[in-house]
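Let's take this structure one question at a time. Please keep the model in view as you read.

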Amino acid sequence: MVSSDLYDLSDSSIFAELVNHPGDPADGSTEAMFSLSDELYQNSYGYMIAGTPLYLIASIPAGNIGEIAYDPVVHRFLRIRHSESIVYWDTSPDAEVWTNQFSAEALDFDHSKILVNFGAGDWGS
């Protein structure tokens, strides 16, 4: 699912609440994804949960830039924020107190025109 409107991430943030992981996170056959991308889908930042790891993602060639053990309570809220020239991947159990998981130089594209993407799938039998 992709937003129909563009959002301005410049010196701002966007977060999502993951209420339930789809399926059994322990078997690795399900995925949930939250990402932000430019209009051409050439540059993006995001999160993907595939089994028990929570992957922190940036555009190819970077790909997966980090991985942490997924905890459905501690990582209920996933936030991507932009400040000056840095992008931050933050998590929170309550959307009040945030823990930074990773930060990196922002990719070179217009952060004032961002699409928000959500996805989920089950690849099990």
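Q: In which strand is the place of Gly 119?
A: Gly 119 falls in a strand that covers residues 115-122, where strands are DSSP runs of E with at least two residues and helices are runs of H or I with at least four, numbered from the N terminus. This is a predicted model, in which local features need pLDDT of at least 70, side-chain atom pairs count only at pLDDT 80 or more, and totals for chains, interfaces and linings use all residues. Residues are numbered from 1 along each chain as its sequence is written, and side-chain values use heavy atoms, without hydrogens or water. The strand that holds Gly 119 is S9.

Q: Does Gly 119 count as buried, partly exposed or exposed?
A: Buried means under 20% relative accessible area, exposed over 50%, and partly exposed in between, with a 1.4 Å probe and protein chains only. The relative accessibility of Gly 119 is 30%, so this residue counts as partly exposed.

Q: How many Å apart in space are Gly 119 and Met 33, C-alpha to C-alpha?
A: In sequence, 86 residues separate Gly 119 from Met 33. In space, their C-alpha atoms are separated by 5.0 Å.

Q: How many strands does the chain have?
A: The chain has zero helices. Reading from the N terminus, its elements run β-β-β-β-β-β-β-β-β. The number of strands is nine.

Q: What percentage of the 125 residues in the chain is buried?
A: Here we look at the whole chain. Of its 125 residues, the buried share is 41%.

Q: How many salt bridges does the count come to?
A: A salt bridge is a side-chain nitrogen of Lys or Arg within 4 Å of a carboxyl oxygen of Asp or Glu. Side chains of opposite charge can pair when their charged atoms come close. By the salt-bridge rule, the count is three.

Q: With which residue does Arg 76 form a salt bridge?
A: In this pair the closest N and O atoms are 2.6 Å apart. Arg 76 lies in the loop between strand S5 (63-69) and strand S6 (77-83) and its partner Glu 17 in strand S1, so the pair ties together parts that are 59 residues apart in sequence. Arg 76 is partly exposed because its relative accessible area is 28%, and Glu 17 is partly exposed at 41%. The residue that pairs with Arg 76 is Glu 17.

Q: Which residue do salt bridges join with Arg 79 and Arg 81 into one network?
A: The side chain of Arg 79 meets that of Asp 90 at 2.9 Å, N to O; Asp 90 lies in strand S7 and Arg 79 in strand S6, so this pair ties together parts that are eleven residues apart in sequence. Asp 90 is buried at 0% relative accessibility, and Arg 79 is buried at 15%. Arg 81, partly exposed at 24%, forms a salt bridge with Asp 90 whose closest N and O atoms are 2.5 Å apart. Through shared partners, these salt bridges join Arg 79 and Arg 81 into one network with Asp 90.

Q: From a polar atom of the side chain of Ser 92, how many Å away is the backbone oxygen of Val 97?
A: Ser 92 belongs to strand S7 (residues 86-92) and is buried because its relative accessibility is 0%. A polar atom of its side chain lies 2.8 Å from the backbone nitrogen of Ala 95. For the backbone oxygen of Val 97, the distance from a polar atom of that side chain is 2.7 Å.

Q: How many Å apart in space are Asp 11 and Arg 81, C-alpha to C-alpha?
A: Asp 11 is in the segment before S1 and is exposed because its relative accessible area is 53%. Its phi is near 50°, a positive value in a residue other than glycine. Asp 11 and Arg 81 are 70 residues apart in sequence. Their C-alpha atoms are apart in space by 7.3 Å.

Q: Near what value is phi of Tyr 41?
A: Tyr 41 sits in the loop between strand S2 (30-37) and strand S3 (44-50). Its phi is positive, in a residue other than glycine, and near 60°.

Notes
Polar contact = N/O pair within 3.5 Å; in protein donor to acceptor, adjacent residues only side chain to side chain.
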